[in-house]
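Thanks for coming, everyone. Please have a look at the sequence and the model, and then we will go through some local features.

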Amino acid sequence: MSASKEKTLHGVGASPGIVIGRAWSVPRHAVKVVYRHLDTPNEVESEVVRFLAALEATKQELVDAREDLDAALAEYSYIIEAHLLILGDRMLKDRTVDLIRAQGINAEWALSQSVTEAQGVFDKVKDDYLRSRFADVVHVTDQVLRHLSGQNDSSLSNIREKVIVVAHDLSPADTTQMDLDWVLGFVTDMGGPTSHTAIMAQAKAIPAVLGLERISSEVTSGDFIVVDGTAGVVVINPDEETLHEYRDRQEAYELYAQETLALAHLPAETVDGRKVDIGANIELAEEVGTCLGYGAESIGLYRTEFFYISKRTLPSAEELYANFKAVAQRLQGRPVNIRTLDIGGDKFASFMELSPEINPALGLRAIRFCLKERELFKDQLRAILRASAHGRVRVLFPMISGVDELLKAKDLLEEVRAELKQEGIRFDRKMEVGIMVEVPSAVAVADLLARHVDFFSIGTNDLIQYALAIDRVNEQVSHLYQPMHPAVLRMIKQTVKAGHQAGITVAMCGEMAGDQRAVPLLLGLGLDHLSMNALAIPRVKRIVRLVNQKTWERLAREALTFSTAEEVIRFMDRQLKRQFPQIFTGARAAA
Ligand code: PEP
Ligand code: MG
């Protein structure tokens, strides 16, 4: 027997599911950029013209791509919009023209130089998501370079058989050129979980493994490959045994996906009849459609930092209003909690230089920043209030540490209400007001805070950080970040108790709420709403529907008696396996 040619590569599982099929290798290599000096002013000017023509051609390509976007992807047109904006950006366009003129160099070289400078700016961005958006600049530049070099091919539109697309990287223009009905899966060298390839793949439920680094040079068209988008694994030329194993897994996954997606639209109700509201967290208005597809009953957290961290100028109240209104309308009566700006800490602002702080997480963050920048805050409140006339909009204040801060925020809300009334502008006069409970002092005075709000939403991402003194973005202490720490569980319990005694609902919108291993305990602790990443919803609904509320209230009381996170985890492990053998088998139950 000949030796197996099987090879396994690991990357980022960017869209779940397993597919097995033939590769379609996108024959693309980075355009080689060579230096050329221009001798005469005439040469320089025609180089500028050549560059602008390439920009125009790229623009046309993007506009065509936007028009060709199929219905399922229509709401992702913002990705192409973003590329069009990059194309016209000063940093790229004007800077390149300046460089051609000032240094008498060819367009390709000047453009590459502008991109290197832009990279310097992106490298300084702390927010992972935004930093990763540099990939978009690279895509746009690459497209322009191809036009400059005349290497623009359109082989992607030729795909007419079921294939797995293998590429170094894929730009939105690439993905829109393909007829995605023929695409079984995507594998690329570049890209991460928030790249547009990941977003598109998820929207079309196409399994994808990205960030494989060298897959495009390992695979040629026609190779047989396995893509496991759940585990982030690609197997090239699998042998019989591997193939067999993956066929079984594929069948199991498809069954699981069908079952969970079917469950996604059933109510999340425990076996003994307790109804739990399952919502989604979003960062962009465009995500609403996906969330509804995954069975979200509300938007439990709309993070609004996007308007401030990706722009050079502040958004106007009008712009915010249009966006919030669109979200409210799209939800057709389902509630949305719009959180006011939570800038600072790990969330970086691009519109202004915040003075450097030694402890940004303890610094001028979120509500503290907004109470200082009153006009900016009032613009948000105005937009949220106006949007409340178009749906079930609620306002959510982040990082509230005590009653005085909350009352100051509410005073400003009152001020804006009065202004709108005077101007005769419509809004929901009963719009509910809530706070994130994510600072330990807020837990300690939760009973006092509850008198002034309509709901609580526990933000475990920050609450754990502040309660256990663990920097949430510092990898060196990430092992100490323990949702099951007795201190955290007691704080959740205390918050729920204070909220319920005051007759208000208590939600959770931190990562913990989407962890199916924590959900039974959270229900036992009495949480009314859970809000999470949309992809987690079907899984969470499935487990909610297996929970016996009474049993888990008892188990939650027992969980609260342990002294260490380790003990709670062991206890949960045992209980999850006992109560839900169909879901939890060998693996550790809670981390
Ligand atoms: C949290 O802190 O748990 C939360 C949901 O908010 P963010 O992650 O945006 O700080
Ligand atoms: Mg938070």
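Start with Gln-332. At 67% relative accessibility, Gln-332 counts as exposed. The scale is this: buried means under 20% relative accessible area, exposed means over 50%, and partly exposed is in between, with a 1.4 Å probe and protein chains only. Gln-332 sits in the loop between helix H13 (317–330) and strand E11 (335–339). Those labels come from DSSP runs, numbered from the N terminus: helices are H or I with at least four residues, strands are E with at least two. The phi of Gln-332 is near 45 degrees, a positive value in a residue other than glycine. Most residues other than glycine have a negative phi.

A word on the source. This is a predicted model, in which local features need pLDDT of at least 70 and side-chain atom pairs count only at pLDDT 80 or more, while totals for chains, interfaces and linings use all residues. Residues are numbered from 1 along each chain as its sequence is written, chains are lettered from A and ligands numbered from 1 in the order in which they are written, and side-chain values use heavy atoms, with hydrogens and water left out.

Back to phi. Glu-213 also has a positive value, near 70 degrees, and is not a glycine. Look for Glu-213 in the loop between strand E6 (208–210) and helix H9 (215–218). Its relative accessibility is 66%, so Glu-213 counts as exposed.

Now the metal. Which residues are the protein donors of the magnesium ion, ligand 2? They are Glu-438, through OE, and Asp-462, through OD, lying 2.1 Å from the ion. Glu-438 lies in the loop between strand E13 (433–437) and helix H17 (440–444), and Asp-462 in helix H19 (residues 460–468), so the pair ties together parts that are 24 residues apart in sequence. Donors here are N, O and S atoms within 2.8 Å of the metal, or 3.2 Å for Na, K and Ca; water is not among the atoms, so sites may look incomplete. Are these two residues buried or exposed? Both Glu-438 and Asp-462 are buried.

Asp-462 turns up again in a network of salt bridges, linked with Glu-305, Arg-339, Asp-342 and Arg-365. A salt bridge means a side-chain nitrogen of Lys or Arg within 4 Å of a carboxyl oxygen of Asp or Glu. How many are there in the whole structure? A search finds 27 salt bridges.

Take three of them. Lys-275 pairs with Glu-297, the closest N and O atoms being 3.6 Å apart. The two are 22 residues apart: Lys-275 in the loop between helix H10 (240–264) and strand E9 (277–282), Glu-297 in the loop between helix H11 (288–293) and strand E10 (298–302). Lys-275 is partly exposed at 46%. Glu-297 is buried at 18%.

Next, Arg-303 meets Glu-283 in a salt bridge, at 3.5 Å from N to O. Arg-303 is in the loop between E10 and helix H12 (306–309), Glu-283 in the loop between E9 and H11, 20 residues apart. Arg-303 is buried, at 15%. Glu-283 is partly exposed, at 38%.

Then Glu-318 and Arg-386, at 3.2 Å from N to O. This pair links helix H13 with helix H15 (residues 374–387), 68 residues apart. Glu-318 is partly exposed at 49%, whereas Arg-386 is buried at 14%.

On to the rings. The structure holds nine aromatic pairs. Rings of Phe, Tyr and Trp (its six-membered ring) pair if their centres lie within 6.5 Å; planes under 30 degrees apart count as stacked, over 60 as edge-to-face and the rest as tilted. Phe-122 and Phe-134 form a tilted pair, with 5.3 Å centre to centre and 55 degrees between the planes. Phe-122 is in helix H4 (residues 107–123) and Phe-134 in helix H6 (residues 134–149), so the pair ties together parts that are twelve residues apart in sequence. Phe-122 is buried at 17%, and Phe-134 is buried at 11%.

Why is the pair of Tyr-302 and Phe-324 called edge-to-face? Their ring centres are 5.8 Å apart and their planes at 80 degrees, so the pair is edge-to-face. Tyr-302 belongs to strand E10 and Phe-324 to helix H13, 22 residues apart. Both are buried. Together with Phe-307, they form one aromatic cluster.
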